[in-house]
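The following dialogue shows how several computed features of a protein model may be read. Please keep the sequence and the structure in view throughout.

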Amino acid sequence: MATPQGENGLNEDAARGTQGKVRVTLNLTPRSVEAIKQVEKIHKETRTDIINRAVQLYAMVEKAVDAGGSLYLRPSKDAPLERLTIL
């Protein structure tokens with residue numbers, strides 16, 4: 001039997017866990033899996049924490065860009081700033 005999904009594609013009633021958490025199943029590209037592995041090695045964080053932070057960062061970036069802003073990154077201490085574009 002199929003479970004109804006909400007507006008956002010998440011079955012929040014069936015998936016809601018403890019403390020307001022929502023369980024989500026997602027399919028990651030090999031590139032995304034490799035990125036998660038890199039962060040795991042650097043910061044020793046769980047995959048859940050990494051994905052949560054990534055989604056929050058993406059929302060912040062989208063909000064800034066929608067407001068007419070731009071995002072810049074300095075890849076290393078002495079490098080010049082580079083404007084980021086998310087495709």
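Q: Is Val 33 buried, partly exposed or exposed?

A: Val 33 is partly exposed, because its relative accessible area is 31%. Buried means under 20% relative accessible area, exposed means over 50%, and partly exposed lies in between (1.4 Å probe, protein chains only). This is a predicted model, in which local features need pLDDT of at least 70 and side-chain atom pairs count only at pLDDT 80 or more, while totals for chains, interfaces and linings use all residues. Residues are numbered from 1 along each chain as its sequence is written, and side-chain values use heavy atoms, with hydrogens and water left out.

Q: Which elements does the protein chain have, and in what order do they run from the N terminus?

A: Helices (H or I, at least four residues) and strands (E, at least two) are DSSP runs, numbered from the N terminus. The protein chain has three helices and two strands, in the order α-α-α-β-β from the N terminus on. Of its 87 residues, 7% count as buried.

Q: Which residues form a nonpolar patch on the surface?

A: Patches are made of residues with over 30% relative accessible area and no salt bridge; like charges are joined within 9 Å, and nonpolar side chains (Val, Leu, Ile, Met, Phe, Trp, Tyr) within 5 Å. Here the nonpolar patch consists of Val 24, Leu 26, Leu 28 and Val 33, with about 290 Å² of accessible area together. Accessible areas come from the Shrake-Rupley method with a 1.4 Å probe, and for residues only the protein chains shown count as cover.

Q: In which helix is Val 33 found, and what can be said of Ala 35 and Ile 36?

A: Val 33 belongs to helix H2, residues 30-43. Ala 35 has its place in helix H2 too, and counts as partly exposed at 38% relative accessibility. Ile 36, also in helix H2, counts as buried because its relative accessibility is 11%. The C-alpha atoms of Ile 36 and Arg 47 are 6.8 Å apart, although eleven residues separate the two in sequence. For Ala 35 and Ile 50, 15 residues apart along the chain, the C-alpha separation is 9.8 Å.

Q: At what angle do H2 and H3 pack?

A: Two packed helices are described by the angle between their axes and the distance between the axes. Axes are lines fitted to C-alpha atoms, for helices over the stretch in contact, and angles run from 0 to 180 degrees between N-to-C directions. H2 and H3 (residues 47-66) pack at about 110°, with their axes 10 Å apart. H2 is therefore roughly perpendicular to H3. Angles of 65 to 115 degrees count as roughly perpendicular, under 35 as roughly parallel, over 145 as roughly antiparallel and the rest as oblique.

Q: How many salt bridges does the structure hold, and which side chains meet in them?

A: Side chains of opposite charge can pair when their charged atoms come close. A salt bridge is a side-chain nitrogen of Lys or Arg within 4 Å of a carboxyl oxygen of Asp or Glu. The structure holds two. One joins Glu 40 and Arg 47 (3.0 Å, N to O); Glu 40 is partly exposed, with a relative accessible area of 21%. The other joins Glu 45 and Arg 53 (2.5 Å, N to O). Glu 45 is partly exposed at 21%, whereas Arg 53 counts as exposed at 52% relative accessibility.

Q: What is the value of phi at Lys 44, and where is this residue found?

A: Most residues other than glycine have a negative phi, and most peptide bonds are trans. Phi of Lys 44 is near 55°, a positive value in a residue other than glycine. Lys 44 is found in the loop between H2 and H3, and counts as exposed because its relative accessibility is 68%.
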